[in-house]
Amino acid sequence: MATIGFGLTFWAWSLIAPLGPHFGETLKLSSFQQSLLVAIPVLVGSLGRIPVGALTDRYGAKLMFPLVSALTIIPVLLLILVKDSYGLMLAVAFLLGLGGTTFAIGIPLVNSWFPPAKRGLALGVFGMGMGGVALSGYFTPRMAKHSENLPFIVVACALAAYALLAVLLISDRPDRPVPAASLAARLGRAGRLRVTWELSALYAIGFGGIVAFGVYLPTYLKTWYELDQTDAGTKAAGFALVTVVFRPLGGWFSDRIHPAIVTALALGTVALLAIVQAFDPPLNPGGTIALLIMAAGLGTTSGSVFALVSQVTPQAQVGSVTGIVGAMGGLGGFVPPLVMGAIYSAKGSYSIGFMLLSDLALAGCVYAYGRMRTLRPEGEPTAGGGGGKSTGGGGRKGGGAAARA
């Protein structure tokens, strides 16, 4: 249920992106204006994870999942009314960001039901809900061809049905710890953990890259490779699907190998293929191969980083830490579309943008291997050493260290 809810709200969250080229043409938007339109939900959904994660710690996912799903229906339907006004579209895009906050609801819910040695895979499976971006990329433009309002109506109905089912079927772990401290105090404690910000930086590269490609890839493919809107959306959906498949694999590998090593290998692969794409290879087959391998690396990273989060965070703080780390990941997806749009407007090329991605991924690779791999529970919170069972034990000790911090 958590994965389905995550997927549906992510579809709603990314409704504007597959139609971005269409809105760009009908509203006569510049490349930067179009980038801003698709990036605003990313920004709001990212920052919104911080309070939503903390509220989930306090009130539980049984309340938060159906509530947020139901509230997301409002901006989805408002898109029908405002699609002819750029200013109003920006305002509704702001509200649409609410759909991106459910990530911070599902992580503490799933995390509470699994022992540390199995959380990597379990959280990776939950993370497959980000396939809502792929669903949006594939189905939204096709539905819009039949009726321009159809995608919004279908998603709104799906969200309403899910909200009702979530009330009946989602249950919080009965013995889950409920924090008594205030929202500000809990966020403050999570923010004082050094590992929170180290993981945030890595997640900003991994998941941020997924979000950035999810919202901007249709525009990139249409602008640079001159694909039509439907073909560009289909290929963007294929990219998102690869990230979905590799996210649980990243968690699965992290249950057996140190998550920092998995992260380093994945980001190193992204850095290499971003350089390849910076030289503008033909889309078939060079560009397609480069983009899909980058998708695999980014999906693996997003799974392995949260394997670390689950192991080093006390159960009562998982929502708060998840909110911060998830917010930074989403913010990592907010900036690149704006940068890519600005670079293309100024230079008529995307090469500089891909080289910047390569630099960031390489920096994350070096930091994950050189710093995160050496963390121990007695010093900074970490996953502990070794494979599945020992990793789980390290996670429990790490949780204690985090609580003492």
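This is a predicted model: local features need pLDDT of at least 70, side-chain atom pairs count only at pLDDT 80 or more; totals for chains, interfaces and linings use all residues.
## Overall composition

The protein chain holds 17 helices and zero strands. Of its 405 residues, 59% count as buried. Taking contacts between residues at least 6 apart in sequence, 84% join residues at least 24 apart.

## Contact of α3 with α10

Two packed helices are described by the angle between their axes and the distance between the axes. For helix α3 (residues 31-59) and helix α10 (residues 183-192), the axes come within 10 Å and cross at roughly 110 degrees. Angles of 65 to 115 degrees count as roughly perpendicular, and α3 and α10 are therefore roughly perpendicular to each other. The crossing of α3 past α10 is right-handed.

On the α3 side, the contact is made by Ile-50, Pro-51, Ala-54, Leu-55, Asp-57 and Arg-58. Leu-183, Arg-186 and Leu-187 contribute from α10. By class, the residues of this contact comprise six nonpolar, three charged and no polar.

## Thr-72 in α4

Helix α4 (residues 61-82) contains Thr-72. The relative accessible area of Thr-72 is 0%, so this residue counts as buried. Leaving aside residues up to four places away in sequence, Thr-72 touches Ala-12, Leu-98, Gly-99 and Leu-159.

## Helix α11 and the residue after it

Helix α11 (residues 194-224) bends by about 50 degrees at Tyr-216. A proline, Pro-218, follows within four residues of the bend.

Glu-226 follows α11 and is placed in the loop between α11 and α12 (229-254). Its phi is positive, about 60 degrees, although Glu-226 is not a glycine. With a relative accessibility of 68%, Glu-226 counts as exposed, because the cut-off for that class is over 50%.

## Other backbone features

Most residues other than glycine have a negative phi, and most peptide bonds are trans. Lys-28, a residue other than glycine, has a positive phi near 55 degrees. Lys-28 is located in the loop between α2 (20-26) and α3. Its relative accessible area is 71%, so Lys-28 is exposed.

The peptide bond joining Asn-284 and Pro-285 is cis, with omega about 5 degrees. Pro-285 belongs to helix α14 (residues 283-312).

Note on methods. Residues are numbered from 1 along each chain as its sequence is written. Side-chain values use heavy atoms; hydrogens and water are left out. Axes are lines fitted to C-alpha atoms, for helices over the stretch in contact, and angles run from 0 to 180 degrees between N-to-C directions. Helices (H or I, at least four residues) and strands (E, at least two) are DSSP runs, numbered from the N terminus. Angles under 35 degrees count as roughly parallel, over 145 as roughly antiparallel, 65 to 115 as roughly perpendicular and the rest as oblique. A crossing is left-handed if the near helix is turned anticlockwise from the far one by less than a right angle, and right-handed if clockwise. Contact means heavy atoms within 4.5 Å. Ala, Val, Leu, Ile, Met, Phe, Trp, Tyr, Cys and Pro count as nonpolar, Asp, Glu, Lys and Arg as charged, and the others, Gly among them, as polar. Buried means under 20% relative accessible area, exposed over 50%, partly exposed in between (1.4 Å probe, protein chains only). The bend at a residue is the angle between axes fitted to the seven residues ending there and the seven starting there.
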